[in-house]
Amino acid sequence: MTRRAFGNIRQLPSKRYQATYQGPDGRRHKGWSTFLSEGDAASWLRDEEILIDRAEWTPPANRKPVTLMAPLTLREYAASNIRRRATRLRKPIRPTSVDLYNRLLDLCILPTLGDLALVDITPAITRRWYDGLPAKSPTQNGNAYALLRSLLADATDEELIPRNPVRIKGAGKPAPKRTAEALNIAELTVYLLHAGDKALPLMLTAWCALRSGEVRALRRCDVADDATALRVERTVTRIGKVDLEWHFGPPKSAAGNRTVAVPPHARPALLEHITAMGDAGRSPHTLLFPAGDGSHPLNTSVLRDAHRRAAKAIGRPTLTLHDLRRTGATLAAQTGATVKELMRMLGHTQPGVAMLYQVADEQRDRERAERMSIAAGWKATED
């Protein structure tokens with residue numbers, strides 16, 4: 001407790017401050033509410049002291065009640081914070097990010113913490129909340145934790161709370177739920193034979209290391225006339241809670257806006273597809289892989305279903321659609337691509353991220369070991 005010439009100030013377990021003083025009536029009086037900072041509490045005491053000096057003082061409880069703002073809840077703050085992030089002039093977040101944040105709030109955060117006042121959220125409460133998240137969704141849990149920490153970091157900067165209570169080490173980077181996979185060339189060839197009429201977009205996803213949203217957003221104008229390259233300058237996704245809408249936007253980063261060379265062996269199939277498009281293939285803004293209605297983008301579930309059938313057919317049922325992008329990065333690295341070339345291909349700005357997309361295999365490791373022995377002067381003996 002801080003003792004003063006007039007009144008006392010003490011910090012409560014909630015980290016807020018309470019101010020009290022003994023009035024002219026000999027009784028102890030306290031503020032209408034607690035205070036965010038010690039300075040705010042001291043200011044209230046000074047105002048009370050001035051009223052006493054002017055002989056204008058009356059007991060606070062007898063004064064005309066004032067309307068106090070209800071404590072700001074996490075639900076209210078999150079809504080206004082995300083709205084500000086989406087409408088700010090400098091680097092506003094994308095509609096896809098708004099959609100992701102709202103889903104994380106609805107699924108993971110607000111059911112437990114939404115109605116709590118910001119000032120009432122403590123490290124212990126956030127720990128219990130995090131421990132109660134479903135263990136089967138580590139990536140979603142990590143994203144939810146990162147979002148909550150970000151929201152309350154902003155609240156701290158705005159001095160709505162004294163310190164960010166979200167501080168669990170390692171919670172924002174959970175261990176991967178599965179081990180990344182990649183196909184070798186022989187496996188990829190057989191995989192594409194089982195992909196049916198979606199073999200071409202899956203082939204480009206693998207050999208050009210594209211994201212699903214990038215390949216489904218390709219237009220005729222994004223393909224070089226001789227099919228030697230693809231221009232990747234947008235991606236597509238569906239956003240919304242009830243009425244889902246298609247959203248076209250730029251890739252995830254500036255580096256994602258790139259041109260990717262198409263391997264020569266994949267070009268004939270791409271040219272044949274454009275020819276088969278007929279008049280639509282001559283319109284520059286026609287989608288390369290539209291849905292069945294010919295105008296809307298191909299739904300990711302359609303591409304994923306074709307992928308699952310092909311993956312099951314080659315005995316790789318745990319292979320994900322995103323593993324095709326890893327396959328492209330791994331094959332490129334194995335055929336001599338430098339880190340810079342991989343970064344350009346993948347649309348990454350950090351070498352470490354590009355390296356994560358490479359998957360080593362035992363055969364390549366044995367070949368690497370043999371090359372080291374040969375360099376050391378070893379010669380293989382014939383049986």
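Predicted model: local features only at pLDDT ≥ 70, side-chain atom pairs only at ≥ 80, totals over all residues.
**Exercise 1.** Find how many salt bridges the structure holds, then describe the one between Glu 181 and Arg 316.

*Solution.* 
- Step 1. There are 17 salt bridges in the structure.
- Step 2. Between Glu 181 and Arg 316, the closest N and O atoms are 3.1 Å apart.
- Step 3. Glu 181 belongs to the loop between α5 and α6 (185-193), and Arg 316 to the loop between α10 (300-313) and α11 (323-334); the pair therefore ties together parts that are 135 residues apart in sequence.
- Step 4. Glu 181 and Arg 316 are both buried.
- Step 5. Another salt bridge links Arg 211 with Glu 214, where the closest N and O atoms are 2.6 Å apart. Arg 211 and Glu 214 are buried as well.

**Exercise 2.** Classify the ring pairs Tyr 21 with Trp 44 and Tyr 130 with Tyr 145.

*Solution.* Planes under 30 degrees apart count as stacked, over 60 as edge-to-face, and the rest as tilted.
- Step 1. The whole structure contains 5 aromatic pairs.
- Step 2. For Tyr 21 and Trp 44, the ring centres are 5.6 Å apart and the planes stand at 50°, so this pair is tilted.
- Step 3. Tyr 21 lies in strand β3 (residues 17-22) and Trp 44 in helix α1 (residues 38-53), so the pair links distant parts of the chain, 23 residues apart.
- Step 4. Tyr 21 is buried at 0% relative accessibility, and Trp 44 is buried at 12%.
- Step 5. For Tyr 130 and Tyr 145, the centres are 5.7 Å apart and the planes stand at 70°, so this pair is edge-to-face.
- Step 6. Tyr 130 is in helix α4 (residues 123-131) and Tyr 145 in helix α5; they tie together parts that are 15 residues apart in sequence.
- Step 7. The relative accessible area is 18% for Tyr 130, which is buried, and 5% for Tyr 145, also buried.
- Step 8. One aromatic cluster is formed by Phe 6, Tyr 21, Phe 35 and Trp 44.

**Exercise 3.** Describe the backbone and the exposure of Ala 55 and Glu 159.

*Solution.* 
- Step 1. Most residues other than glycine have a negative phi.
- Step 2. Ala 55 has a positive phi, near 60°. This residue sits in the loop between α1 and α2 (74-87), and at 71% relative accessibility Ala 55 is exposed.
- Step 3. Glu 159 also has a positive phi near 60°. Its place is the loop between α5 and α6, and its relative accessible area of 60% makes Glu 159 exposed.

**Exercise 4.** Which residues form a positive surface patch, and where does Arg 149 lie?

*Solution.* 
- Step 1. The patch consists of Lys 15, Arg 149, Arg 163 and Arg 167.
- Step 2. Arg 149 is part of helix α5 (residues 138-157).
- Step 3. With 37% relative accessibility, Arg 149 is partly exposed.

Conventions
Residues numbered from 1 in each chain as written. Heavy atoms only, no water. Patch = residues over 30% accessible without salt bridge, like charges linked within 9 Å, V, L, I, M, F, W, Y side chains within 5 Å. Areas by Shrake-Rupley, 256 points an atom, 1.4 Å probe, with all protein chains shown as cover. Salt bridge = Lys/Arg side-chain N within 4 Å of Asp/Glu carboxyl O. Lys, Arg positive; Asp, Glu negative; His and termini not counted. Charge placed at Lys NZ, Arg CZ, Asp CG, Glu CD. Helix = DSSP H or I, 4+ residues; strand = E, 2+ residues; numbered from the N terminus. Buried < 20%, exposed > 50% of the residue type's maximum accessible area, 1.4 Å probe, protein only. Phe/Tyr/Trp six-rings, centres within 6.5 Å; stacked < 30°, edge-to-face > 60°.
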